[in-house]
Amino acid sequence: MVNRKRVVVLDYGSGNLRSAERALVRAGADVTVTSDLDAAMDAEGLVVPGVGAFEACMAGLRSVYGDRVIGRRLAGGRPVLGICVGMQILFARGVEHGVETEGCGEWPGTVERLDAPVLPHMGWNTVKAPEDSVLFSGLDAGTRFYFVHSYGVREWELRTGDGFREPLVTWAEHGVPFVAAVENGPLMATQFHPEKSGDAGAVLLRNWLGTL
């Protein structure tokens, strides 16, 4: 029997839950879509999807105490993967239409509107990943991933020292450079949608499952 990792896709009223579920199953996971906190805590991996506005996603997340689950899992070194707005809400704050919303605060930084001639940034784009990336292992530098967003993190603000390993930050560009993915111990995230990124997304999800 192949050991299929137990993964929960957190249902908090936002995100492409079923497409994420299908992609993770194809990648080799045993997947449950739920808002149950015990299940989210007990799973080997937790996926936090997200689409739409930062403020609405944070409201939905807090309504099911998802922010607490994320914090508790990370305190115990238990893996979490954020996708699209599910990545953005991991940062300290989001600013949309002049409204500032507090995020989960796992990383410092602000989610803000991209400065680009065409928004949303919708379609396939390349990324620039660090050489020692786990998520992008086995993928060529020219590999494209599928993005749908108008907001992003344009500046990486976390600085570590005293022997702590620096997070691995992957960048992409649409008008301006923005953070496309982060690998920070048990906390990883992508601005693009791996579940919509075909074979490349499947490789990335398998790589993530391999860390569980």
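Guide: In this predicted model, two strands pair if DSSP finds at least two bridges between them.

Visitor: Which residue of strand 10 stands opposite Arg113?
Guide: Strand 7, which covers residues 107-113, runs antiparallel to strand 10 and is joined to it by 3 bridges. Across this pairing, the residue in strand 10 that stands opposite Arg113 is Tyr151.

Visitor: What is the order of the strands in the open sheet?
Guide: The open sheet has 4 strands with mixed pairing, and its edge strands, each pairing on one side only, are strand 6 (99-102) and strand 10 (151-153). From one strand to the next the twist averages 20°. Read across the sheet, the order is 6-5-7-10.

Visitor: What angle does the direction of helix 3 make with that of strand 6?
Guide: Helix 3, formed by residues 54-63, packs on the sheet and touches strand 5 (91-96), strand 6 and strand 7. The angle between its direction and that of strand 6 is about 30°.

Visitor: Is Phe54 buried or exposed?
Guide: Phe54 lies in helix 3, and, with neighbours within four places in sequence left aside, its contacts include Val85, Ile89, Arg93, Thr101 and Val111. Its relative accessibility is 1%, and the cut-off for the buried class is under 20%. Phe54 therefore counts as buried.

Visitor: How many Å separate Phe54 and Tyr151 in space, C-alpha to C-alpha?
Guide: Phe54 belongs to helix 3, whereas Tyr151 is in strand 10. The two residues are 97 residues apart in sequence, while their C-alpha to C-alpha distance in space is 9.1 Å.

Methods. Residues are numbered from 1 along each chain as its sequence is written. This is a predicted model: local features need pLDDT of at least 70, side-chain atom pairs count only at pLDDT 80 or more; totals for chains, interfaces and linings use all residues. Side-chain values use heavy atoms; hydrogens and water are left out. Helices (H or I, at least four residues) and strands (E, at least two) are DSSP runs, numbered from the N terminus. Axes are lines fitted to C-alpha atoms, for helices over the stretch in contact, and angles run from 0 to 180 degrees between N-to-C directions. Contact means heavy atoms within 4.5 Å. Buried means under 20% relative accessible area, exposed over 50%, partly exposed in between (1.4 Å probe, protein chains only).
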